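Q: I have a two-chain model open and want to go through its packing. Can we start with what counts as touching?

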Amino acid sequence: MAISTVTTESNTATSPKSGQGHPYKKMYSKSRRTALPRGADAPDFTLRSTPDQWLTLSEFRGQPVVLAFYPADWSPVCGDQMALYNEMLKEFHELGAELIGISVDGAWCHAAFARDRKLHFPLLADFEPKGDVACRYGVYRDKDGVSERALFVIDSEGKVHWSFVSPIGVNPGADGILSALEDLQNKQATPAIAEAK
Amino acid sequence: MINRAQLKVPDPERDHIQGAIDAPIALLEYGDYECPSCGEVQPIVREIQRRLEDDLCFAFRHFPLTNVHPHAEHAAEAAEAAGNQGAFWAMHETLFANQDALDDESLAKYAAGLGLDETRLIQEVISAAHSDRIREDFKSGVRAGVNGTPSFFINGQRYDGARGLEPLLAAVSNPAGII
């Protein structure tokens, strides 16, 4: 049962317009249905990546970016999720993408977490105003004061190519991210092939 | 060409398997020798194999989280290197039984204890002779939706239930019922 529930939620998260009026609709929290969908402009932001450095999304224009919102440093599921992505960096880079983690934790907390888990990608502090970026991406959980466990693949022009909100206790893995990045790569490759012909 | 590693069922052409490949039930595990949860589930897997006997085909693929488990990669290399000397499963068991001692010196000691050529084994470990295969295992797992270890697939279907003997045995015994 648990599995089928997860699948249903996932589908809805991927294509927010489907499932309108479906009996399952009531089960979703509002924020899940408001995650920015494919085609939306990815709101730009500047957040601390370390206690004395800042990172701006638009600096990555020209290449895909994977934004991984997660509820909190140190919680076991996040740990596994970030540990998995840490091992996947090579694959993400091969697909031309950069990975960025975001939570409402402060920069010093992120620094300790990243050091402990040997993370080799930036963790941004959506700390002040708290959860502001998560709100703008439609993935803030007001009641809990943390973001959803949400993934966005942003294309080289700064548009959302794929988004996914996982049930908060479930590590979404990386297969969806890889498929989205490959999809982007194929799209880029297609015009070149057409030209060659 | 099909990338055989992407199949979520054991493949005799590339996987380490125990039991007959045409057994009615196929259990595929993605695991990490330094992961405590994998160590805990190991006796359970062995018990399931004992109970199901010829009805089960078991396969193991590597899914080392090398940043959190600094010895996991070399341990996986050691298992593969032992496999080159016909002793993959013996090393597999040894590694899970000694999760707190997986440094290179210990790996060499285990090889010697299993009667293997320890010099050859440790050379393969240090030179990362099997890194491509380990990476292929890892990537196939990510593709299949593996998000941590251990992860199980029963006849190609991901198992997300509890990892105790009873639930896992029930799921394995009734593969059609796992969804």
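A: Two residues are in contact if their C-beta atoms, placed from the backbone, lie within 7 Å. Bear in mind that this is a predicted model.

Q: Fine. Which residues of helix α7 of chain B are buried?
A: In α7(B), residues 165-173, the buried ones are B:Leu168, B:Ala171 and B:Val172.

Q: Why do they line one face of the helix?
A: Looking down the axis of α7(B), the buried residues fall within an arc of 95 degrees, so they line one face.

Q: And what covers the buried residues of α7(B)?
A: The cover includes helix α1 (36-52) and the strands β2 (25-31), β4 (151-154) and β5 (157-159), which belong to chain B.

Q: Let's stay on β4(B). Which way do its residues point?
A: B:Ser151 and B:Phe153 point one way, B:Phe152 and B:Ile154 the other. All are buried.

Q: In what sense does β4(B) pair with β2(B), and over how many bridges?
A: β2(B) and β4(B) pair in the antiparallel sense over four bridges. One bridge partner to note is B:Phe152 in β4(B), which goes with B:Glu29.

Q: How many bridges join β4(B) to β5(B)?
A: Three, and these two strands run antiparallel. Opposite B:Ile154 stands B:Gln157 in β5(B).

Q: What do β4(B) and β5(B) form?
A: A hairpin, with two residues between the strands. In the turn, B:Asn155 has a positive phi of about 50 degrees.

Q: Changing topic: which residues touch the most other members of the largest nonpolar core?
A: They are A:Val66, A:Ala68, A:Phe152 and B:Ala78, out of 94 residues in that core. Helix α2 (residues 72-84) of chain B gives the largest share of the core, seven residues.

Q: What is B:Ala78 in contact with, leaving aside neighbours within four places in sequence?
A: B:Ala78 is in contact with B:Met91, B:Leu95, B:Leu107, B:Leu121 and B:Val125.

Q: Last one, the interface. How many residues of chain A are in contact with chain B?
A: 19 residues of chain A, against 13 residues of chain B. On the chain A side, the elements that give two or more residues are α1 (2-14), α3 (76-94) and α6 (175-196). The largest share, eight residues, comes from α3(A).

Q: How do the residues on that side of chain A divide into nonpolar, polar and charged?
A: Eight are nonpolar, five polar and six charged.

Key
Residues numbered from 1 in each chain as written. Chains lettered and ligands numbered in written order. Predicted model: local features only at pLDDT ≥ 70, side-chain atom pairs only at ≥ 80, totals over all residues. Buried ≥ 20, exposed ≤ 12 C-beta atoms within 10 Å, placed from the backbone. Arc of directions from axis to C-beta. Core = buried A, V, L, I, M, F, W, Y, C linked by C-beta atoms within 7 Å. Nonpolar A, V, L, I, M, F, W, Y, C, P; charged D, E, K, R; others polar. Pairing = 2+ DSSP bridges.
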